[in-house]
Amino acid sequence: MTSRSQDWFGRLVPRRVLIASDGSDEARLRDLFLENLSGQWQSATADSFEQAHFVMQHSPCDVVLVDEGLFRREGAAGLSWLAGRSRAPLAFLASESPAPLTEALRQGVHFCLPRELALNNPQLLAAALERVAQLGRVRESAEKTGGELDEARRQVDRLVQLLWQAAPMDPRTHWFTQHYMMERLYEEIARTGRHGAPLTVAVGEVESPAAPAGALPPWTVREITQKKRRADVAGQYGPHGFLLLMVQTPREGGLCCCRRLRQALDEAPEREGKPVRAYFGLASFSADSCTPQSLLRTAEEHLEEARAGYGEGVVAG
């Protein structure tokens with residue numbers, strides 16, 4: 001495989017190697033590339049890890065070739081610092097001593113070569129550097145793919161959040177969300193305004209010693225859903241209440257429906273003999289209550305009256 005890469009115009013150009021050496025063998029290394037590998041590799045030099053980092057910032061390279069002499073002079077901390085900042089993979093020219101080689105690998109070097117063998121065999125050095133460059137391309141591709149995967153995960157998380165917000169029903173309670181109930185209320189008011197059919201809404205609360213203070217007992221959701229009329233829509237309203245939309249229903253019909261629901265809650269087997277108090281405040285569409293805000297405000301006022309003991313728990317004004 002040829003040690004060439006493509007430039008912006010698709011032309012094959014030699015790869016670039018940055019030689020990081022302490023200076024004692026810098027000329028020998030530079031001459032090796034100039035005399036034997038000039039058609040395959042272009043070389044640049046640096047006599048410190050800091051200079052190597054500076055050169056790479058302004059002139060990217062495919063491989064950094066670190067000589068053991070520079071490693072001995074600047075230490076493991078310097079090599080670790082360079083490895084953490086270099087986008088190019090690091091190759092290490094090592095002597096026969098195992099200690100520097102072991103430490104260099106620990107500090108982030110990607111490939112090691114016997115120093116004298118590499119310097120005396122230019123084609124072996126070129127083949128090794130090509131393999132290191134391939135490793136760099138694989139690592140760069142993996143980082144790019146990892147970044148794309150992270151972005152895809154963020155997009156999925158965003159879509160899940162949007163789906164959660166748009167879902168009409170809470171999957172935990174199987175109860176229509178307040179957002180959905182408000183949308184339906186706007187739709188039903190608009191439909192009533194166009195066609196003149198009656199519309200009654202009810203705001204309700206249920207109190208039970210078996211549930212935390214102010215919380216809606218879980219079994220009441222199922223009971224209301226099962227016992228309401230099929231055309232009516234019930235769902236969450238506020239942290240502890242519920243909203244009932246009764247379409248095609250005048251005030252008297254709404255009172256009848258809510259009284260029947262209150263009786264069903266009083267007689268539900270889930271009570272287990274514990275007292276349950278259900279309250280309903282109703283409001284019907286009229287010239288004075290023809291917006292969501294006015295209907296809900298009237299219903300909440302009637303709910304407070306029901307809680308105060310009026311209407312046997314069901315108040316429609």
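Leaving aside its neighbours within four places in sequence, which residues is histidine 302 in contact with? The first legend gives the answer, and the model shown in every view is a predicted one.

**View 1. Histidine 302 and its contacts.** Histidine 302 is part of helix α10, which covers residues 292–307. Once neighbours within four places in sequence are set aside, its contacts are Phe280, Gly281, Leu282, Val315, Ala316 and Gly317. Is histidine 302 buried or exposed? Its relative accessibility is 10%, so histidine 302 counts as buried, because buried means under 20% relative accessible area.

**View 2. A patch of negative charge on the surface.** Four glutamates make up this patch: Glu300, Glu301, Glu304 and Glu305. One of them, glutamate 301, has its place in helix α10. With a relative accessibility of 45%, glutamate 301 counts as partly exposed.

**View 3. The salt bridge between arginine 184 and glutamate 188.** Side chains of opposite charge can pair when their charged atoms come close. How many salt bridges does a search of the whole structure find? The search finds 19. In the one shown here, the closest N and O atoms of arginine 184 and glutamate 188 are 3.1 Å apart. Why are these two residues separated by about one helical turn? They are four residues apart in helix α7, which runs over residues 178–195, and this accounts for the separation of about one helical turn. Arginine 184 is buried, at 19% relative accessible area. Glutamate 188 is buried too, with a value of 7%.

**View 4. The salt bridge between arginine 307 and glutamate 205.** The side chains of these two residues meet with an N to O distance of 2.7 Å. Arginine 307 belongs to helix α10 and glutamate 205 to strand β9 (residues 199–207), so the pair ties together parts that are 102 residues apart in sequence. Arginine 307 is partly exposed at 34% relative accessibility, and glutamate 205 is partly exposed with a relative accessible area of 25%.

**View 5. A network of salt bridges.** Glutamate 130 has a relative accessible area of 5% and is buried, whereas arginine 137, at 35% relative accessibility, counts as partly exposed.

**View 6. Leucine 79 in helix α3.** Helix α3 takes in residues 68–85, and leucine 79 is found there. This leucine is buried, with 0% relative accessible area. Apart from neighbours within four places in sequence, leucine 79 is in contact with Phe49, Val66, Phe71, Leu90, Ala104, Gln107 and Val109.

**View 7. Leucine 244 in strand β11.** Leucine 244 counts as buried, its relative accessibility being 1%. Its contacts, leaving aside neighbours within four places in sequence, are Thr200, Val201, Ala202, Lys228, Asp232, Val233, Ala234, Cys258 and Leu261. Leucine 163 is 81 residues from leucine 244 along the chain, and 24 Å separates their C-alpha atoms.

**View 8. The buried residues of helix α8.** Which residues of helix α8 (residues 218–227) are buried? They are Trp219, Thr220, Val221, Glu223 and Ile224. The elements that cover these buried residues include β8 (175–176), β9, β10 (233–237), β11 and α9.

**View 9. Glutamine 248, with a positive phi.** Most residues other than glycine have a negative phi. Glutamine 248 is not a glycine, yet its phi is near 55 degrees. Where is glutamine 248 found? The loop between β11 (241–247) and α9 (251–267) holds this residue. At 60% relative accessibility, glutamine 248 counts as exposed.

**View 10. Glutamate 312, with a positive phi.** The phi of glutamate 312 is about 55 degrees, although this residue is not a glycine. Glutamate 312 lies in the loop between α10 and β13 (314–315). Its relative accessibility is 68%, so glutamate 312 counts as exposed.

How values were computed: Residues numbered from 1 in each chain as written. Predicted model: local features only at pLDDT ≥ 70, side-chain atom pairs only at ≥ 80, totals over all residues. Heavy atoms only, no water. Buried < 20%, exposed > 50% of the residue type's maximum accessible area, 1.4 Å probe, protein only. Contact = heavy atoms within 4.5 Å. Patch = residues over 30% accessible without salt bridge, like charges linked within 9 Å, V, L, I, M, F, W, Y side chains within 5 Å. Areas by Shrake-Rupley, 256 points an atom, 1.4 Å probe, with all protein chains shown as cover. Lys, Arg positive; Asp, Glu negative; His and termini not counted. Charge placed at Lys NZ, Arg CZ, Asp CG, Glu CD.
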